[in-house]
Amino acid sequence: NKTEASDTTIRWAHKPRGFHDSLSEAEKNELADLHWFPAGVMLDYKKEVASTQSPFQQISIWDVMTPDRGTLGSYQRSLSNDDSYESLHPELFEPDRIVFLDGLLQSRRVGDAAYHEALVHPTLFAHPNPRRVAIIGGGEGATLREVLKHNTVEEVVMIEIDEVMVNFSREFLSEWSNCSDLAGRADSCFEDPRTTLYCEDAFRWFKDHFSKPLSQESGELFDVIIMDALDPQGLQDIVEALYTDDEFYQALFNGLSSDGILISQVGEGSWSDDPFYALGEDRHYGSFLKGLKSLGFYKITNYIEGGCGFFSPWGFVVASKQQNTLEDLWFQNEALINLKIRQRLVPTKQGDSPLFFFDGATMQTYQYPTRIDELLHCRNPVMPKNCRLGHGYDPSVGNVPLPEVLKSVQRDDENFCLHLNTPADSYVGLEALVHSVFMEPATIQVLAKSNKQSGAIDVWSEAAFSYQDSFGVHARLGRFVPTSPVFWCYTMTASCPRDNFIEPDDIVRQRQSL
């Protein structure tokens, strides 16, 4: 029966029994991704789209339907012309396209936007005016695509060692490098006049160009360098070289402008039962962090994103050469980020935002490292001091309850002062400070500019500046307990309950502390 035959489908899974003797242990481990998924899983639909061997790696591309993303029936309806929802929105029901390099899952359609937007936009928005950007790796072209969405960018230099990967991606992963819907951009991101592509070894390229520091006026320095290369957990020899080569690190540092930022993907996020970075599978990551610190980057932070389509949350590390970059711009509030998205990003030809994942609310989740990162940081064999102090709280220090403080206030029409004998460095109102205190850096900047222009100093500004100077962004606002006799509950959020809020005309302060 012809109808029955056309409805016949095959479900299959492949379970390899051992590996060829010529493969090293590292190669066997890396091939585990492809053999486990999709080859080893019984799915409704999976098909190898294309495969090739480049001088550097085996490239495999598969189309897969997973139960959580849809069914074979919905995919088949999307190909019909029956006016069903699926046929009217076929892009929502197409198979997941997955890229494997040497058997290791590299990228996939369902995580494309989340991964590449998380890699690129937090850092580019943290820079005041990114004009020249370098990309290390990123052969599929998706990282390039995201960078070209910024209207400040004048040139993107992409250094990818594998030319076969670039050409193979342009043929079979065209949507990864598709800029056709961006106003004023070429159809292919690789063909955009702002793009300069070098199919060379990035190690050698950076060492050749930036072995020594260049003048800031040279025009060759980068505002942002993006490392979209191999994961530090990989076992290949090239991975160790990538994350432990001091000359390469120095060249990266030299290649950045004075306010430049380095961003790198660093593979699978840590787990709560992992050892300290330098002692486990993340040893290359630990070496990478140590190398960044030794170079003199002013600020280093990390964040994770769980929607990249890999089997674990994915990690990223950012390092800036200038103080205010990751202390002010990194902590912009949700509204400011959304405003910048509208101001800076190239719209689609329909006038819409070109982003599918990143926005101001998402950026809020990247601004501080996770609790797991804190745990691993404190598993250093030489425990950092702040781990022993418990976020700044010392139980041996005395506390003066807030009611006693308020009873000691004396005030007249112009002044209000506190007369209270307290031991040096005592806590004041500690029982009320369990509530978080939050001041937007943008708010502090507005106050500072306003006061500078007017020459006036008001109580609110003094309170904000005093708190920020002692416990500001360095201390993760709201998480550290002050060790000062002065307690400010300065907030415009619900995180400080009304019954613990001090009205402006009731602010308690010691004149000498200001």
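This is a predicted model: local features need pLDDT of at least 70, side-chain atom pairs count only at pLDDT 80 or more; totals for chains, interfaces and linings use all residues.
Residues are numbered from 1 along each chain as its sequence is written, and side-chain values use heavy atoms, with hydrogens and water left out. Local features need pLDDT of at least 70 and side-chain atom pairs count only at pLDDT 80 or more, while totals for chains, interfaces and linings use all residues.

The chain holds 19 helices and 15 strands, taken as DSSP runs (helices: H or I, at least four residues; strands: E, at least two) and numbered from the N terminus. Of its 514 residues, 49% are buried; here buried means under 20% relative accessible area, exposed over 50%, and partly exposed in between (1.4 Å probe, protein chains only). The accessible surface comes to about 25600 Å², with 51% belonging to carbon and sulfur atoms, as computed by the Shrake-Rupley method with a 1.4 Å probe. Among contacts (heavy atoms within 4.5 Å) between residues at least 6 apart in sequence, 70% join residues at least 24 apart.

Val133 sits in strand S5 (residues 132-137) and counts as buried because its relative accessibility is 0%. Leaving aside neighbours within four places in sequence, Val133 is in contact with Val147, Val153, Glu155, Val156, Val157, Phe222, Val224 and Ile226. The C-alpha atoms of Val133 and Asp223 are separated by 5.9 Å, although these residues are 90 apart along the chain. In strand S9 (residues 256-268), Val266 is likewise buried, at 4% relative accessibility. Its C-alpha atom is separated by 9.0 Å from that of Met227, 39 residues apart along the chain.

Asp96, in strand S3 (residues 96-101), is a charged residue by class, yet it counts as buried because its relative accessibility is 3%. Its side chain reaches the backbone nitrogen of Val110 at 3.3 Å, a polar contact (a pair of N or O atoms within 3.5 Å, one able to donate a hydrogen and the other to accept it; residues adjacent in sequence count only if both atoms are side-chain atoms). Not counting residues up to four places away in sequence, Asp96 touches Trp62, Asp63, Val64, Arg108, Arg109 and Val110.

Two other aspartates have positive phi values. Asp102, in the loop between S3 and strand S4 (104-108), has a phi of about 50° and is partly exposed, at 30% relative accessible area. Asp83, in the loop between helix H4 (72-78) and helix H5 (85-88), has a phi near 65° and is exposed, at 63%.

Helix H9 (residues 202-210) has Ala202, Phe203, Trp205, Phe206, Lys207 and Phe210 as its buried residues. At the start of H9, a side-chain oxygen of Asp201 reaches to within 2.9 Å of the backbone nitrogen of Phe203.

The second largest pocket holds about 820 Å³ of space. Its lining comprises 25 residues, with Arg109, Asp112, Ala113, Glu175 and Phe356 nearest its centre. Helix H6 (112-126) and helix H7 (142-147) are the elements that give two or more residues to this lining, and H6 gives the largest share, four residues. On a 1 Å grid over the protein atoms alone, a pocket is an open set of points where a 1.4 Å probe fits, with protein on both sides within 12 Å along at least five of seven lines, and lining residues have an atom within 4 Å of a point. By class, the lining has ten nonpolar, three polar and twelve charged residues.

Methods. Grid points are joined across faces, edges and corners, and a volume is the space filled by probe spheres set on the points.
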